[in-house]
Amino acid sequence: MLIPVLLLLTVTALLSCTLGSYPISLPEMGQLLMGKLENTTLSGVFWQLRVPRVVMGLTAGCALGLAGGVYQLLFRNPLASPDLTGVASGASLGAALALVLGGGGWWLMMAGSFALGILSLILVLLLVEFSGIRRTGSYVLAGIVIASAAEAGLMLLKYMADPTGELAAIEFWTMGSLGKVTASRVYPCLPLILLPMALMLCFGKQLLLLSQGSAQARQLGLAPGLWRGILLGLATWMTAGVISVTGAIAFVGLIAPHIAFSLYRRRGGLYLLFCMAVGGELLLAADILARMLVPYAELPLSILTVAFSLPVLLLALRRRRKEAYGTDF
């Protein structure tokens, strides 16, 4: 089943390369890939704008889908998502701080977003350590505390922001977009996302053991507290890296694992790869629609990813009702 998903992802990526205010046909794209149209406007658009956008969309979707699968396994909760540790709120606060207090340079916003996203996780881990109870519920509560504090800071910055410029930029950032992605902005940031993704896939065995419960993981020689912190750290690192480039994109990490489970029907084996492929497909499809639905404008991605989530969550609710009562609606 993974091969059809990957084929669909490939087709979507190729389609995304052709769309935009400067359309590129498939024959022209073939010539560009073979190096026959070098030093042309078409070549500049393709290699400097369109390819980086698709690469970032694919990477971001895969990272958010993987992070969502990790959170749902780790917390044994189908509603867990990368936002659970407050990373999205913290990263958005970092971007807003850079915009309002630091002049709003692109690299400064990216650095502020990444730094406060990681800081959010550190504060969550410190709160859990302070509580002395290293259970999944403690991480959830600590994440809510940090997310609430970050949201309060974000609202304060919105109040302070210039309503004609800074406020609009903050709002657009918190809804996510690939509109400003270029080669010079994306490629230096990719290692920040790809490295934790690779490490997470290497630690798939430890993740599956933890998903069986702390007691069973401890019996099999795993230190639950240590590994939970490592896996949460890697998932948050991925998410913060994505948000620092694209802004906060809602619900991809929540619904990609649900779709992946519907396709694969199990949580082990290739499940995490399914989560990545579905996340990439969701984000690329949302980006295509963001460029097509409104003429001469581009919608924020979260508008579309939230719309995608509605049927998925309704089906998940229906499935849980049937499991609980053995009846349909």
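Guide: This is a predicted model. A place to begin is Arg265, which comes just after H13 and takes a positive phi of about 65 degrees.

Visitor: And H13 itself, is it mostly covered or exposed?

Guide: H13 is mostly covered, with 10 of its 13 residues buried. Among them are Val252, Leu254, His258, Phe261 and Tyr264.

Visitor: What span should H13 have?

Guide: At 1.5 Å a residue, the 13 residues of H13 should span 18 Å. The end C-alpha atoms of H13 are 18 Å apart, which agrees.

Visitor: You listed Phe261. What sits over its ring?

Guide: The charged end of Arg267 does, 4.0 Å from the centre of the Phe261 ring.

Visitor: Let us turn to aromatic pairs. How many are there?

Guide: The structure holds 4 aromatic pairs. One of them joins Phe203 and Trp227 edge-to-face, at 5.0 Å centre to centre and with 75 degrees between the planes. This pair links distant parts of the chain, 24 residues apart: Phe203 is in the loop between helix H9 and helix H10, and Trp227 is in helix H12.

Visitor: Why does Trp227 count as buried?

Guide: Its relative accessibility is 16%, and buried means under 20%. Phe203, at 23%, counts as partly exposed.

Visitor: Why are Tyr264 and Phe274 called stacked?

Guide: Their planes are at 25 degrees, and planes under 30 degrees apart count as stacked. Their ring centres are 4.9 Å apart. Tyr264 lies in helix H13 and Phe274 in helix H14, so the pair ties together parts 10 residues apart in sequence.

Visitor: Are those two buried or exposed?

Guide: Tyr264 is buried, and Phe274 is buried as well.

Note on methods: Residues numbered from 1 in each chain as written. Predicted model: local features only at pLDDT ≥ 70, side-chain atom pairs only at ≥ 80, totals over all residues. Heavy atoms only, no water. Phe/Tyr/Trp six-rings, centres within 6.5 Å; stacked < 30°, edge-to-face > 60°. Helix = DSSP H or I, 4+ residues; strand = E, 2+ residues; numbered from the N terminus. Buried < 20%, exposed > 50% of the residue type's maximum accessible area, 1.4 Å probe, protein only. Lys NZ or Arg CZ within 6 Å of the ring centre and 35° of its normal. Expected span 1.5 Å × (residues − 1).
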